[in-house]
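Thank you for sending this model; my notes follow as numbered points, to be read with the sequence and the structure open side by side.

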Amino acid sequence: MARRPKRSDNGGPPLDDYKGPPWGKGDPYIFLAWQAAHAKAWKAPSRDVMLMRMEKAERLGLTYEEYTLEILERGLHLQPKDTDRIAAIKAARKRRRVSRLD
């Protein structure tokens with residue numbers, strides 16, 4: 001008879017017992033390239049860059065995180081003329097706030 005899984009079991013293999021490489025069965029080059037890109041993208045910017053982004057975000061009515069995420073995801077440094085995109089970001093903010101209250 002099969003053993004019944006514990007309540008917290010996700011059905012996958014135990015993570016501590018894995019003896020293989022960190023990239024699993026995939027291509028190690030792709031794994032290492034993504035790992036390097038992730039580290040580079042989320043590296044903390046200099047103090048001056050952070051202050052500049054905070055100022056621009058405040059001027060546009062966005063949070064620092066929203067403004068920075070727009071740069072990282074789309075490569076777009078928002079300007080006051082980008083009213084449609086700014087409105088979309090603010091609308092998404094309202095949807096997130098409401099969904100947290102549910």
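1. A polar contact here is a pair of N or O atoms within 3.5 Å, where, within protein, one atom must be able to donate a hydrogen and the other to accept it. With that in mind, look at the start of H1, where a side-chain oxygen of Asp 27 comes to within 3.2 Å of the backbone nitrogen of Tyr 29. Please keep in view throughout that this is a predicted model.

2. On the overall fold, the chain contains 4 helices and 0 strands, and the pattern read along the sequence is α-α-α-α. Of the 102 residues in the chain, 13% are buried.

3. Which residues form the aromatic pair, and how are their planes set? The count of such pairs comes to 1. The ring centres of Trp 23 and Phe 31 lie 6.2 Å apart with the planes at 50°, so the pair is tilted; the angle falls between the cut-offs, since planes under 30 degrees apart would count as stacked and those over 60 as edge-to-face. Trp 23 has a relative accessible area of 32% and is therefore partly exposed, and Phe 31, with a relative accessible area of 28%, is likewise partly exposed.

4. Is Glu 70 buried or exposed? This residue lies in helix H3, and its relative accessibility of 2% makes Glu 70 count as buried, because the cut-off for that class is under 20%. The side chain of Glu 70 does have a charged partner by residue type, in that it makes a polar contact of 2.9 Å with the side chain of Arg 85.

5. The largest pocket holds about 200 Å³ of space. Helix H1 (28-41) and helix H3 (64-74) are the elements that give two or more residues to its lining, and H3 gives the most, with 3 residues. Among the lining residues are Lys 40, Ala 41, Trp 42, Lys 43, Arg 53, Tyr 64, Thr 68 and Leu 72. By residue class, the lining of the largest pocket divides into 6 nonpolar, 1 polar and 3 charged residues.

Note on methods
Residues numbered from 1 in each chain as written. Predicted model: local features only at pLDDT ≥ 70, side-chain atom pairs only at ≥ 80, totals over all residues. Heavy atoms only, no water. 1 Å grid on protein atoms, 1.4 Å probe; cavity = no way out; pocket = protein on both sides within 12 Å on 5 of 7 lines; lining within 4 Å. Points joined across faces, edges and corners; volume = space filled by probe spheres on them. Phe/Tyr/Trp six-rings, centres within 6.5 Å; stacked < 30°, edge-to-face > 60°. Buried < 20%, exposed > 50% of the residue type's maximum accessible area, 1.4 Å probe, protein only.
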